[in-house]
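Have the sequence and the 3D view ready.

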Amino acid sequence: MTDIFDKYGDIAVRHDQLLDAGADPFGVCLEEVYSPTEAMVNGRRTILAGTNNYLGITFDPACIEAAAQAIRKHGTGTTGSRIANGTYSNHRQLEDELASFMNCRHALGFPTGYQANLGMLVGLAGPKDVMLIDADSHASIYDGARLSGATIVRFRHNDPADLDRRLRRLEGEGKSHLVVVEGIYSMLGDRAPIAEFAEVKNKHGAYLLVDEAHSLGVLGDTGRGAAEAEGVADQVDFYVGTFSKSLGSVGGFGASNHPRFEVLRYCSRQYMYTASSAPSNVASVITAIRQIRNDSTLRERLWRNAEEVYQRLLAQGFKICAPTSPIIAVQLPDIETAYYAWSRLLEAGVYVNLAVPPGTPHGESLLRCSVSAAHTEAQINEICRRFEDIAQELASQMPVQEPAPVMMAQAGD
């Protein structure tokens, strides 16, 4: 009998090669966390520029106090699912808050953002439906699509014309069509053209689901995300979001104005058969939503910081994968170079994410930075200075190219 782990042989070999080269990029331990942007890593005080803590909410005093009060009032956990073991009062309070924030009639809470995508996609689509997903979708969207049993159609990344062609081919089949896109894509930081996608879905009578995981709190006048920023929030049929980025906690949600949305409470297995969110998580998210909704200064600071880092890295000669956003993905020529640069940054006290194939679009090797509103001017300067050191090191290691031979013109030319 073969070893049950043999199927992971190639992946394990690649991981071992990274370990042989030095630090483990997928096992970084934050030994002590001092603030939203600073922690102890490998015994060194390190700037965090790879945690998706876009608004720096994790250390917000009001959110911490709300979580502490919830633990004292409701205990540390719920010990079961809402459908079998009961809903806590602040679960309902959070869903009311989310529905109001997203300007939707209904909202549904999940224990994680990953489960929110699974629960929404599996609940909405079934074997008789067609799900059209962007080719660069997050793993949770792919997993939810497969688990739903729906026919899956991939369209080219951020290409409404390609979606239009594929929906046209499906006309007359009598099936429901669910289009799934993301507000900001997590790996490269590029934004979806939501208004154009909404126009295409309206043309074909399809449903549109927007995953605002990385755009909630970041885009839009009130922080509702990419659809609000493009002025088409009322044309989105379903939203998915997470609490683990701008909202500084753990959990996720779905939201909609569809009058039959509440059926998911007893038809979405990812909602029905999982433990509900801890009261402390729920309480901190309620407080965070109110702050985001009523105070735009965090968003303004986030975008100032993102623009500063983006422009300075661009000036240093780095190739950046998308226009300015809080996710700044620096493209490097190969895995070895990316790993070298990631390791040197960490040694210098700056933590970013290493992203390599097969987990990246088009097999790109990336240093992925996530900028925070909580980064100080000194921290921004230090991040950029360390990247400049890397740029100089990489330039010094590049082979010197011989000048191209000059073709002598022949007489008469």
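## Inside the core

Leaving aside residues up to four places away in sequence, L132 touches V153, F155, L163, R166, L167, L170, H177, L178, V179 and V180; contact here means heavy atoms within 4.5 Å. This is a predicted model, in which local features need pLDDT of at least 70 and side-chain atom pairs count only at pLDDT 80 or more, while totals for chains, interfaces and linings use all residues. Residues are numbered from 1 along each chain as its sequence is written, and side-chain values use heavy atoms, without hydrogens and water.

L132 is also among the residues with the most contacts inside the largest nonpolar core, which has 53 residues. Such a core is a set of buried Ala, Val, Leu, Ile, Met, Phe, Trp, Tyr and Cys residues joined through side-chain atoms within 4.5 Å. Buried means under 20% relative accessible area, exposed over 50%, and partly exposed in between (1.4 Å probe, protein chains only). A second, separate core of 36 residues includes V309, Y310, L345 and C384.

## Charged pairs

Side chains of opposite charge can pair when their charged atoms come close. A salt bridge needs a side-chain nitrogen of Lys or Arg within 4 Å of a carboxyl oxygen of Asp or Glu, and the count comes to 20.

| Salt bridge | N to O distance |
|---|---|
| R45 and E38 | 3.1 Å |
| D159 and R156 | 3.4 Å |
| R224 and E228 | 3.8 Å |

R224 is buried at 14% relative accessibility, and E228 is buried at 16%. R45, with 46%, is partly exposed.
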